[in-house]
Amino acid sequence: MEKIKDERLQLKNLKNIRITFIVQTLGILGILLYDLINYGMDGMTNNPVWFVFILTGVINAYLSMSISVEHEKTKRSPVTRLYISLGVITLISLLFVTFTALTNGYNVMDGLLVGGIVFVCLVLPAFYMYGLRQKERDE
Amino acid sequence: MENKVKIARVTLGLTQQELAEKVGVTRQTISLIEKGRYNPTLKLCLEICYAVNQTLDEVFWQERKE
């Protein structure tokens, strides 16, 4: 198949892909809903389609960050914002550590594990946003 | 978006197909641009101007409508 060079057709192709994505997502949601109704929450999360759905959600969230950064109106420096984010993330992680450790059947190690996972999951997007803000500032 | 692509093309004696081949798009795209039903990118506008030996001003400029 010949590569499309016409910009109008490339744009049309992108719009078609968007429609395909919507249909595909609706299909995935339908399958997951079917699993949820018939086999419960575990049945739904055991389906590989659940992994695909979560993965696309995460990718979409990361891609949306670049748009959010360009849309920001605040003049605060990226470094200040990173420090604020790190402070909030540390606080949230400590809350997870505390509440998990205080829950019956779990100890401090479990708390640290959960808190550590939460910290890593939140710190990665924070540094990614910092990188995007720095890049946007240099442009 | 209104433009003078058709006038410029006809002045040079080019068909839509010939202009399309010169700028690397399909004939339908040229047709839609001439009808004002597709807004080309600046890159494509420039390619069209190069093909018809005219400036952007001459082919695409419009006075602001009140």
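How many residues does the contact take from chain A, and how many from chain B?

1. The contact takes five residues from chain A and eight from chain B, where two residues touch if their C-beta atoms, placed from the backbone, lie within 7 Å. On the chain A side, one residue is nonpolar, none is polar and four are charged. Here Ala, Val, Leu, Ile, Met, Phe, Trp, Tyr, Cys and Pro count as nonpolar, Asp, Glu, Lys and Arg as charged, and the others, Gly among them, as polar.

2. A quick word on the source: this is a predicted model, where local features need pLDDT of at least 70, side-chain atom pairs count only at pLDDT 80 or more, and totals for chains, interfaces and linings use all residues. Residues are numbered from 1 along each chain as its sequence is written, while chains are lettered from A and ligands numbered from 1 in the order in which they are written.

3. Now for chain B, which has five helices and zero strands; helices (H or I, at least four residues) and strands (E, at least two) are DSSP runs, numbered from the N terminus. The C-alpha atoms of chain B fill a box of roughly 35 × 20 × 20 Å along the principal axes.

4. Over in chain A, look at helix H1 (residues 7–46) and helix H2 (residues 48–71): their axes come within 10 Å and cross at roughly 120 degrees. Axes are lines fitted to C-alpha atoms, for helices over the stretch in contact, with angles from 0 to 180 degrees between N-to-C directions.

5. Who makes that helix contact? H1(A) brings residues including A:Ile28 and A:Met44, and H2(A) brings A:Trp50 and A:Phe53, among others. By class, this contact has eight nonpolar, one polar and no charged residues.
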